[in-house]
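Hello,

Here is the structure for you to look over. My notes follow below.

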Amino acid sequence: MIQINNLTKDFGNRKGVFHITFNIKEKEVFGFLGPNGAGKTTTIRHLMGFLNADAGECTINGMECRHQTAAIMKQVGYLPGELALLDAMTGMQFFQFMAKLRQQTDLSLCRQLIERFELDSSTSIKKMSKGMKQKVAVITAFMHDPQILILDEPTSGLDPLMQIEFAKLISEEKNKGKTILMSSHNFDEVEKNCDTIGIIRAGEMVCIEDIHSIRQKKRQNYTLIFSDTEEASKFVNNTHFAFGQLTDASVEVKEINNLNNLIKELSKYKIIDIQSEKYSLEHLFMHYYGGSKS
Amino acid sequence: MKLSSLLKFNIKQNYGIFTIISGVMILYVTVIINMYDPKGLDELIALANFKMSSELMTAFGFNIDVNASLVTMVASYFYGMLIYFVLIIYVIMVSNRLIVEHVDKGSMAYLLSTPHTRIQIASFQAIFFIASIALQILILTLVGWAASEASFPGLLDVNAFFMLNLGVFLLFAALSGISFLASCIFNETKNALALGAGLPLAFIIIDILANVDEKLNVLHNFTLITLFDSDAIIANGAYVVNFFIMATISILLYISGIWIFSKRDLSL
């Protein structure tokens with residue numbers, strides 16, 4: 001559905017994207033991961049036809065992205081990475097403005113989304129908080145029920161409750177057969193929502209894999225809080241897991257890929273708490289590439 | 001119309017400046033027309049000379065003799081310079097809002113995420129711009145005509161007055177073409193203003209300098225404003241060629257703006 005083939009855009013200073021190639025199949029949810037400045041937005045701008053590629057090409061549904069924009073946009077919902085709404089309008093006026101430009105007459109889906117994301121659409125956009133503006137952007141991308149969604153960091157600025165609501169929306173859209181590209185720099189978010197993950201770093205794709213094989217390769221660290229120092233040292237002396245002692249009673253076990261083994265072993269000890277470390281992109285890179293960052 | 005909501009947005013965004021500029025022009029032209037005295041302009045000229053040196057008078061385009069006709073006086077006192085400064089403010093502000101401000105702020109991303117090509121969006125904005133300038137001048141023409149008929153029935157050379165206004169429209173089509181082109185070329189408002197406001201203002205200032213002194217006459221070759229020759233229009237001289245040149249320049253400027261906008265990288 002979305003094809004990017006050898007896409008290259010050199011902004012100089014080693015900025016840009018280089019030889020990006022990936023495919024997003026119909027009904028697939030593709031998570032586009034990478035640190036800030038890695039090239040996610042640049043890639044997406046090519047899909048939207050804002051930039052001329054130095055080399056390579058991208059197509060959406062077989063149509064060339066730079067020149068067949070008008071036809072492509074009939075099927076696309078876009079959420080820009082930067083909040084750039086028309087300030088002078090209220091939320092509702094903006095939705096009506098966009099609907100008219102899209103020649104969409106039915107605003108019932110728009111109203112459902114407004115209710116769902118609890119947006120006060122009569123507020124002037126100028127006076128909205130970042131989170132409210134982000135809701136406007138989300139609704140704008142989804143309100144015409146497009147077949148393809150291109151979302152550039154869709155959850156930035158949304159509070160945790162709205163992020164959960166957004167995740168639900170994504171899974172519903174996925175069940176409706178939508179093709180979705182969403183970028184993020186948060187691994188957890190992508191892991192929850194996506195089928196396939198592509199990681200970009202310094203303008204180059206470093207991996208494209210489906211979420212299951214990533215999960216299998218994923219190594220997770222856990223912090224174990226034991227009931228007392230004695231229990232902790234008993235564990236430390238007997239375990240074959242890699243570990244690091246944090247305080248007298250707490251131990252971090254590292255790079256666990258089979259949680260069952262750990263749980264079996266831990267059943268012998270008195271544990272107060274287990275905390276799993278938030279899985280950051282940094283870790284993903286480390287585990288994937290043995291820590292080599294360049 | 002597919003882009004009717006963009007039209008609505010443009011109108012909402014610009015009717016304020018449109019009304020102010022239109023109001024100022026109407027006020028000026030009405031006052032100037034009522035300063036006319038069919039018995040001779042010696043008093044008016046004496047009064048003006050009392051306030052300004054004769055060099056300054058010619059610099060501002062106020063160079064008429066005592067027996068000048070109504071249309072000659074209006075051409076000299078209003079279409080000689082005042083209108084440039086008033087109308088160029090409208091041109092600069094609106095050209096900026098139509099394209100580059102959307103790119104600079106990022107809202108162009110939304111316009112282009114609807115099923116419209118860049119050429120459609122830019123052409124629409126260009127047509128809106130030209131039409132609004134034409135409307136400004138149409139209102140001015142009708143008010144000027146009405147004011148003349150009210151104060152001095154039958155005294156206005158209506159043909160010459162209409163041609164004068166058509167000339168001013170073509171001049172501003174060309175000047176606005178520069179501003180529009182600048183708006184299409186740049187990603188940032190400040191750069192667009194440097195060219196899109198700087199060059200038309202430079203043309204106006206060069207025109208004034210060229211009028212100050214015979215020795216600076218050569219400067220007339222370096223400003224578009226020379227193409228608008230009110231003396232030739234009133235004397236029914238050879239002004240058609242100039243009209244044609246101004247129209248051609250305008251079309252070229254607008255088309256290149258739209259074309260460049262459709263081809264370039266946008267910083268969205």
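Contact here means heavy atoms within 4.5 Å. This is a predicted model: local features need pLDDT of at least 70, side-chain atom pairs count only at pLDDT 80 or more, and totals for chains, interfaces and linings use all residues. Residues are numbered from 1 along each chain as its sequence is written, and side-chain values use heavy atoms, with hydrogens and water left out.

One residue in chain B first. B:S183 is found in helix α9 (residues 158-185) of chain B; helices are DSSP runs of H or I, at least four residues, numbered from the N terminus. Beyond its neighbours within four places in sequence, B:S183 is in contact with B:S95, B:N96, B:I99, B:V100 and B:A192. B:S183 counts as buried because its relative accessibility is 1% (buried means under 20% relative accessible area, 1.4 Å probe, protein chains only). The C-alpha atoms of B:S183 and B:I92 are separated by 9.6 Å. Along the chain, these two are 91 residues apart.

Now the interface. 28 residues of chain A are in contact with 27 residues of chain B. The two chains bury about 2500 Å² between them, 60% of it on carbon and sulfur atoms (accessible area, 1.4 Å probe, lost on being put together, summed over both). A:F50, A:A84 and A:L101 supply 25% of the area that chain A buries against chain B, more than any other three residues.

The rule finds 1 salt bridge across this interface (a side-chain nitrogen of Lys or Arg within 4 Å of a carboxyl oxygen of Asp or Glu). The side chains of A:K9 and B:D265 meet in a salt bridge at 2.5 Å, N to O.

Best wishes

How values were computed
Chains lettered and ligands numbered in written order. Helix = DSSP H or I, 4+ residues; strand = E, 2+ residues; numbered from the N terminus. Buried < 20%, exposed > 50% of the residue type's maximum accessible area, 1.4 Å probe, protein only.
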